[in-house]
Amino acid sequence: MHGAAVRIKDAFDALCESGKLTVVERVDVPARPERVAATPAAFNQGALKEWLFAKHGQADTVWNHQAVALQHIDEGRNVVVATGTASGKSLIFQLPIMRELLEGNGVALVIYPLKALLSDQLSRWREMAQALGFPAHAVAELHGNVPSEERYEALQHARIVAMTPDLLQAWFMRQVSAPLFKQFLGNLRYLVIDEAHVYESVFGSNVAYLMRRFMVARNRAAKDLGSRTQLQIIAATATIHSPVKHMAGLTGWPFVAVDEADDGSPSHARTLLHIDGPDIGGPAEGMLQDIINEIGYATTDTFIAFHNSRQGVERVTRVIDRDDILPYRSGYEGKDRAEIERKLRKGLLRGIVSTSALEVGIDVSGFTVGINLGVPQSKKAFRQRLGRVGRASEGVFAVVAPRHAFTQLGSSFQEYFEGSVEPSYLYLDNRFIQFAHARCLMDESDQLGFSDAKIPPGVIWPDSFEKVYEVAKPSIRRPKEFELIAQIGANSPHYNYPLRQVGEPNYKLKESARGNAEEIGDIALNQAIREAYPGATYLHLKRPMKVSEWKSNAFDRSIRLYDAKNPAITRPILHKSVNVGASSEEVVSNRILSGERGLIAEVSLQVNEAVLGYQIGGNSFLYKDLRTKDPRMSKKQREFSTTGVVLQIRDPWFSGSGPQAQVRKAVSDALRQMILREKSIAPTDIDDSHSNIAFYQNGVPRRATDTVVIYDSIYGGLRLTESLFEDFGEFLDRLNKAAAMAGNEALISADVVDKLMDWHGSLQEGTMPAGGHLVAPDGELVVYEPGSLVSVRINGTLVERELLGVQFLDMGDTKLLMYRYKNRDDGVSWVPHDQIEPTGQDWKQVFWNPANNTFSDPEDGDEDSF
């Protein structure tokens, strides 16, 4: 059999029928016939009619949703097309733009969220332009890999510019007053936002402010140039909840929607399978490797496998070790990504193992098998991944997850597939996102001639933006919480505030060889402490590399790697601590219920994540030991303020350090998984903690053994978890249903759910614990106790230091409260009191009497205090 020509789908079907895979549930999706309607007259004449006939064999009809959308566009409306994958959405914005090129003088800007998608669509734009008689330079691409001089030429000559939002932010918006840029903005006829469903959470919230800033610049350019060009926005998106509302939030403009009810595109039949198997860790990756090896003898078509771990896709493909099965993820350099995409287009690959980077992207019709490791993080992601498969012929898509992956959350695989997709969340009131864009907007306003120092008019800004705009002004005294993000922006806010993260430092990955350092990719701090920590084995395009050091100075923020000769798999030793309280200062908008048995509240909190070393096999290598021989082997950490929901339950079944710890772990994990699934939140955006929690009361931290916290793992917090407080009863009802469906495999038992319901029913509104900071006796000060482990920020990077002592130092006419601490070279340095950041939980505040240099404990004799 292995010698005959075999389709990849046939090989997968045979594997399922062999009994080697256990199919838990099967859903058959039937084929759908097409529905057509008359092509609107404006697009069915002259050169466009000829092009349609040459491309599709006829021009008088198009699919129904295409006809509806084109009519809206012809009547001057902004349109969002929300239909399934492979439904011909591109034609809807291609025809109006080409009509403008043929009949008008305007230009078009097409925004693609990913370089891969832009590159794939660019060739189609160029083919269409050439067929209609336009020169090659009429279509241009602008993204980070395009040299600077070519970018200016593109703006000067192109009528259609395909751009990533990242370059719009980092390059275009920095120069909006330059004549070339103003001319482009003044002539802008169409703005196309493709794959608009991608713009949610952090990325989408950043793009929403970018779009508003872009509109400010466009309006000013049109006014200065006396341009009467009408701007229309056309958006294309997968099926999403409330597309009109989403686009209004993203742009501030009104839209009409063309959705699934109008969709006239045909589709091939597809089979959906839930296959029993592990979904995380080594066992899951091993099963995926086995499946790929079992179907790897096929000689035609292609498979795509999805794995949520960047290093996971590297590990899987490295073990398989075939040149025609490659990894694909974010963090690659452009040339490496382009080479993988070229091979896919040419049919040179039998398969690809990808992160979410290929949920949207290149249109490869040959994918007939899709495999997802674990349940996709949202129904939107599931539908996008499913849409990669079966475009040219029948396909199969399998989700590999434990047998009770759906029932333990109170649903089935079929319900998951058939249920409506979740809303797309934008967090326009996040103050840190607002601060970054306020800094950018101020620079742009200066260029554009807005002199009154107020928010530029003509754009609908969120109500809360004005307050943050004020504190973002230069030389103003601002709350300390904004200082880090202000430092990150420095003098180049457009470049230093990337769209895909909030307040998160980014590192270049550099391969060090023979004294040179070549960039091979990039990585954010939250990923780096998990993947590229000092001493780690890091995989890049299946090639093992060793992390030698981190550099964090004013001129070089990079992680250095070199070829690993004898690679050993390393695992980070991570430590997470959470500092939380429930005073009036910490509770968000009075959202608290409390009573004698505990409390539930939405609060502001502090999280510290640190990598303390790494493991190889069963052996641990701690940085505190390693750095005595190699000072580059040092602890790396991430500290951030955020928001979350805290549950304090004083009942004996929950509170304590014995078996209760496992109960807290199960409850914490169940609530996190439930909110992720029910609210379509990315797993990397929410975290939980059931241990290493310090609960603050009156400014004094106490070790908590009765508390769990579910929180946003994003700098500043986006209040992603607020529904857990609002709808806690509904979450418990869902968990109760899940306990009945999944039995012993449920996330938490029916008995625990009953106890949670009873505890929650005992709480009341409006009772908030007393709060406040420590107040020292007369003549004394609140200071950090010598021996405390705290952090100081050096070149924008948190560095842990041990405090040795405290004293006043004369600085001219002023006395400053200063601390001595051990520096990296085991010498002594000084830091002012207000520059210390109390990260982690190995610190303590005490009362200090400077007259006799004595210290006293605010809670002397309390065994629980730190």
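Modeller: Before we look at any residue, take one definition: a residue counts as buried when its relative accessible area is under 20%. Please also keep in mind that this is a predicted model.

Colleague: With that cut-off in hand, is Ser634 buried or exposed?

Modeller: Ser634 has a relative accessible area of 14%, so Ser634 is buried. As for its place in the chain, Ser634 is found in the loop between α21 (623-626) and β26 (636-649).

Colleague: Which residues is Ser634 in contact with, leaving aside its neighbours within four places in sequence?

Modeller: Those residues are Pro534 and Tyr623. Ser634 also has a polar contact, made by its side chain with the side chain of Lys636, at 3.1 Å.

Colleague: How should I read a pair of aromatic rings, and how many aromatic pairs are there here?

Modeller: In general, such a pair is described by the distance of the centres and the angle of the planes. In this structure the count comes to 30 aromatic pairs. Take Tyr784 and Tyr819, whose ring centres are 6.0 Å apart and whose planes stand at 55°, so the pair is tilted. Because Tyr784 lies in strand β32 (residues 781-784) and Tyr819 in strand β35 (residues 814-822), the pair ties together parts that are 35 residues apart in sequence. Both Tyr784 and Tyr819 are buried.

Colleague: Which residues form one aromatic cluster?

Modeller: One aromatic cluster is formed by Tyr152, Trp171, Phe172, Phe181, Phe184 and Phe214.

Colleague: Turning to strands, how many bridges join β17 to β21, and do the two run parallel or antiparallel?

Modeller: Strand β17 (residues 506-513) and strand β21 (residues 557-563) are joined by four bridges and run parallel. Within this pairing, Glu511 stands opposite Leu561 in β21.

Definitions and conventions. Residues numbered from 1 in each chain as written. Predicted model: local features only at pLDDT ≥ 70, side-chain atom pairs only at ≥ 80, totals over all residues. Heavy atoms only, no water. Phe/Tyr/Trp six-rings, centres within 6.5 Å; stacked < 30°, edge-to-face > 60°. Buried < 20%, exposed > 50% of the residue type's maximum accessible area, 1.4 Å probe, protein only. Pairing = 2+ DSSP bridges. Polar contact = N/O pair within 3.5 Å; in protein donor to acceptor, adjacent residues only side chain to side chain. Contact = heavy atoms within 4.5 Å.
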